[in-house]
Each structure stands twice: as C-alpha cells, then as structure tokens.
Amino acid sequence: MTDQTHPQPGPFVAAWQHLWRKERPWLAFAVILLVVSVIDPAQFGPSVAKVVNALVSIAPFLAVSILIAAWAGATGADNLIARAFTGAPAMMILMGALAGGLSPFCSCGVIPLIAALLAIGVPLAPVMAFWLASPLMDPSMFVLTAGVLGLEFAVAKTLIAIGMGVAGGGIVHLVIRAGGLANPLREGIGNGGCGGAKVRAPKPPVWAFWHDPARVTKFRQEGIKTFLFLLKWLSLAFLLESLMLAYLPAQLVTQTLGGTGLAPIAIATLVGVPAYFNGYAALPLIGTLMEQGMQAGAGMAFLIAGGVTSLPAAIAVWALVRFRVFALYIAISLGGAFASGLLFHFWTLL
C-alpha cells in the first residue's frame, strides 16, 4: 500500500500558517507599528499609548462581556437567552434600537457586549439595531450635544439614532427572511445560520456550574477565547484611530465641510467616515462650522455617518460578520446618514 501521508511542515512554517489563518489582526498591528517606527519614530510612542489607554478605558466593558459569554456557555443559559430573542422580531428590533439609543455605552464599550450577544446566539437583526443606534447617542452625549449644538439638534439626533436602529434591524431581518444572508457570522461567532439562534432542544441550565469540572473548563475556555478575540481586533482598531488623529488635520475637515446647500450633506456623509474623531471631539468642530455658515443638515450627516462607521465600530463589524453583512452595514450607515442630514435640513427650513 502506498503511503499517502503528507510531510508535516516545519515549526517556522507551521507558526506562520497559524498566524496567517488565525492572527491576521496581530500581524497587521505589528507591521503597522514597524512602518511607523521607521517612517515617523516620534509617533510610535503616542500610538502605543493610545492603544493602551483606550483598552484600559473599556476594560470594565471587556470584563463584563467576557464573563457573560463564559457564564452563558458554561451554565447552558445561552439557549435560554437565544430563545428570548425569537418569536417577535419586530419587538426585538425596536427594543434593540431603544436600548442602543438610550444606553450609556460608547461606540467602543458596546463592541464587547455585541460580541457576547452574537456569541451566545442572539439573532443578527436586533443586534444590528442595537449596534447602529448605540454609537450615536447616550445620556452624556445628549447633554453635551444640547449644550454645544442646541436642544433641537440633540433631540433630533436621538430620534435619528433610534430610527437608524429600527430601519437597519428591519432591513437585515427582511434580507435574512428572503434568504440573502445565509450564515452571516464569521466562523466561530455565535450560531451562524439565518442570522439567529438555532433554537435547540432546551435543557435546564446548570447555574452552579462550578461543581462540574467540565463546565468549569468550558467557562475558562470561553473566557479566554472571547478575551483574545476582542483584544486583537480592538488593538488594531485603536492603533488605526491613533494614526488617523495624528495625520488627518482638523483644518482639512473644516475646509471640506464648509458651504451651504445639499451638496455639503453628501460630502459630509462621505467625509464623516474617515475623518470622524469621536462623538465628543466632533461636536466642537461641527459647532464651529455651523457658526461659519454650514447648514445643520451637513453637520447631522457628518455626526451620524462618522458615529456609526468610526474605526473601532467598523472594524468590530468586520471581525464578527462576513463581507456581505459588512457591506450592508456600511450601505445602511451611509444611506441613513445622508437621509438624516436631508430630513434635518428640511426640518430647519420649516
């Protein structure tokens, strides 16, 4: 009989294959830092500091999401949580949008929570509703927006955030029902399938899982897996964000967004994606532009487009879902931002 076994790769080749298949974010992170250290050594330290500080700032959110994912897997509660999101998609989408628009989560802090929800099998549509609404508004953002841009602007942005969530979640649900998003999640994230939990034969959860060595092992494994997944993608996102802040002059943004009419709304929608700093830092910029004559609709479009598609949020979407879902997410974000800018522009003309 002929031996059909293939030769095993050497240690170096095996390590490289593992990195390329499983750890591309870390490879990109290392290559970017290497390039920065060669081209602009002075930026290396601030970029590393930005990544570390950002990770520390969202550490509580990371800890909570990791514990939720690990606890749900170890106890078997993931089945119950997933089942709670079935049967009433319209209500779940609405609740997801309301929770996102009114919750105190920032665009970075919500990422671990969303990863945990998908990991335990919550359907994609209500998660997307929460995902779209959450970066746009929270209680502290509302107060600051009202102080800088006025109460009318803050109320309008809150309603737009909830509307974006409902519209986005509804679109995702309809596409999934039509069979357009089979297996929307990346391998290893949640249950995959038609955007929702595959409701398995329910088994009673074992709440005191620490008495079962196998469940304790699963708790530890799920926690480590979730932590490493979030760490690599968030590190890359924060590194890219630090470079954007360093090399994209605020004066260029100001010059690009100036002007009146409908054209600045379209420009603000597109410019808001790469030029967005963060929800709080963008408010003074928009306030200054509006004082210089830019109409409010363009300012709203910039804040909506940038908030939903900020680098950490967009990279998190890329990490969790397949390309076609990511493309739909970008299309909903940009279309919703442009429509929001138009609606607010016409509202201010009344």
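## Exercises on helix packing and aromatic pairs

Phe209 sits in the loop between helix H10 (151-177) and helix H11 (213-247). Helices here are DSSP runs (H or I, at least four residues), numbered from the N terminus. This is a predicted model: local features need pLDDT of at least 70, side-chain atom pairs count only at pLDDT 80 or more, and totals for chains, interfaces and linings use all residues. Residues are numbered from 1 along each chain as its sequence is written, and side-chain values use heavy atoms, with hydrogens and water left out.

**Exercise 1. Decide whether Phe209 is buried or exposed, and list its contacts.**

Step 1. Take the cut-offs: buried is under 20% relative accessible area, exposed is over 50%, partly exposed is in between (1.4 Å probe, protein chains only).

Step 2. Phe209 has a relative accessible area of 9%, so Phe209 is buried.

Step 3. Set aside neighbours within four places in sequence. Phe209 then contacts (heavy atoms within 4.5 Å) Trp71, Ala74, Thr75, Arg215, Val216 and Phe219.

Step 4. Check Trp71: it is 138 residues from Phe209 in sequence, yet 8.6 Å away in space, C-alpha to C-alpha.

**Exercise 2. Classify the crossing of H8 and H17.**

Step 1. The axes of H8 (residues 124-133) and H17 (residues 323-349) come within 12 Å and cross at roughly 45 degrees. Axes are lines fitted to C-alpha atoms over the stretch in contact; angles run from 0 to 180 degrees between N-to-C directions.

Step 2. Apply the classes: under 35 degrees is roughly parallel, over 145 roughly antiparallel, 65 to 115 roughly perpendicular, the rest oblique. H8 and H17 are therefore oblique.

Step 3. List the contact: Leu124, Met128 and Leu132 of H8 meet Val325, Tyr329, Ile332 and Ser333 of H17.

**Exercise 3. Classify two of the aromatic pairs.**

Step 1. Rings of Phe, Tyr and Trp (its six-membered ring) pair if their centres lie within 6.5 Å; planes under 30 degrees apart are stacked, over 60 edge-to-face, the rest tilted. The structure holds 9 such pairs.

Step 2. Trp71 and Trp207 lie 5.7 Å apart, centre to centre, with 20 degrees between the planes: stacked. Trp71 is in helix H4 (residues 59-75) and Trp207 in the loop between H10 and H11. Trp71 is partly exposed at 34%; Trp207 is partly exposed at 46%.

Step 3. Trp131 and Tyr329 have ring centres 6.5 Å apart and planes at 50 degrees, so this pair is tilted. Trp131 lies in H8 and Tyr329 in H17, so the pair ties together parts 198 residues apart in sequence. Trp131 is buried at 1%, and Tyr329 is buried at 1%.

Terms used
Helix = DSSP H or I, 4+ residues; strand = E, 2+ residues; numbered from the N terminus.
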